[in-house]
Every structure is written in C-alpha cells, then in structure tokens.
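Visitor: I should like to go through this model with you. Could we start with the overall picture and then turn to single residues?

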Amino acid sequence: MSRLQQVLSLRRQVAQATVDAAQMLQSARTYGDKRRIDHYSGMTLAFQSIIDMIDIEFELDKDDSG
C-alpha cells in the first residue's frame, strides 16, 4: 500500500471518528451535560484539525478526498 493510500485510509478513519464524536456531542447537548459537551466539542475540533492538516499536506481538495 502506498503512503498516499495509507494517509487516505487514516483520513477516512478520522472522518468517521469526527462523525461519531459529533453524534455524541448532539446527545450530550440533548441531555444538557456540560462536561460531555466540552469533551465532545474538543474531540470534534481536534479530529477536524487532523483532517485539515492531511488535506493541506497532501493538497487534497474536498472533491478528491472521498
């Protein structure tokens, strides 16, 4: 597997983790759990930062990445 394929696979995994964290964030908001809201907000932002860094490093456009 080439390096780009490995990075794209990692990007897909992080994107799924972002979706999962966003769902958990929505659940936390529904219950008004401030601690969980803060936790999942941070996770979502961190995962999005990783995706952005991968996109910048490999010059990926939104249309090309999946």
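Predicted model: local features only at pLDDT ≥ 70, side-chain atom pairs only at ≥ 80, totals over all residues.

Visitor: How many helices and strands does the chain have?

Guide: The chain has two helices and zero strands. Helices (H or I, at least four residues) and strands (E, at least two) are DSSP runs, numbered from the N terminus.

Visitor: What share of the residues is buried?

Guide: Of the 66 residues, 23% count as buried. Buried means under 20% relative accessible area, exposed over 50%, and partly exposed in between (1.4 Å probe, protein chains only).

Visitor: What share of the contacts comes from residues 24 or more positions apart?

Guide: Such pairs supply 55% of the contacts with a separation of 6 or more. A contact here means heavy atoms within 4.5 Å.

Visitor: Let us turn to H1. What length should it span?

Guide: Helix H1 covers residues 3–31, and its 29 residues should span 42 Å at 1.5 Å a residue; the end C-alpha atoms are 42 Å apart, so the two agree. The expected span is 1.5 Å times one less than the number of residues. After H1 comes Gly32, with a positive phi near 70°.

Visitor: Which residues of H1 are buried, and what covers them?

Guide: The buried residues of H1 are Val7, Arg11, Val14, Thr18, Ala21, Leu25 and Ala28. Their cover includes helix H2, residues 34–57.

Visitor: Why would residues three or four places apart point the same way?

Guide: An α-helix has 3.6 residues a turn, so residues at that spacing point the same way.

Visitor: Now H2, please. How far does it reach, and which of its residues are buried?

Guide: H2 has 24 residues and reaches 34 Å from its first C-alpha to its last, close to the 34 Å expected. Its buried residues are Ile37, Tyr40, Thr44, Ile51, Ile54 and Asp55, and H1 is included in what covers them. Just after H2, Glu59 takes a positive phi of about 50°.

Visitor: Which residues does Thr44 contact?

Guide: Leaving aside neighbours within four places in sequence, Thr44 is in contact with Thr18, Ala21, Ala22 and Leu25. Thr44 counts as buried because its relative accessibility is 18%.

Visitor: Where does Asp20 lie relative to Thr44 in space?

Guide: Their C-alpha atoms are 8.7 Å apart, although the two residues are 24 residues apart in sequence. Asp20 is found in helix H1 and is partly exposed, with a relative accessible area of 37%.

Visitor: Is Asp55 buried or exposed?

Guide: Asp55 counts as buried, at 9% relative accessibility. Its C-alpha is separated by 9.9 Å from that of Val7, which is 48 residues away along the chain.

Visitor: And Leu45, buried or exposed?

Guide: Leu45 lies in helix H2 and counts as exposed, at 59% relative accessibility. From Leu45 to Arg29 the C-alpha distance is 16 Å, and the two are 16 residues apart in sequence.

Conventions:
Residues numbered from 1 in each chain as written. Heavy atoms only, no water.
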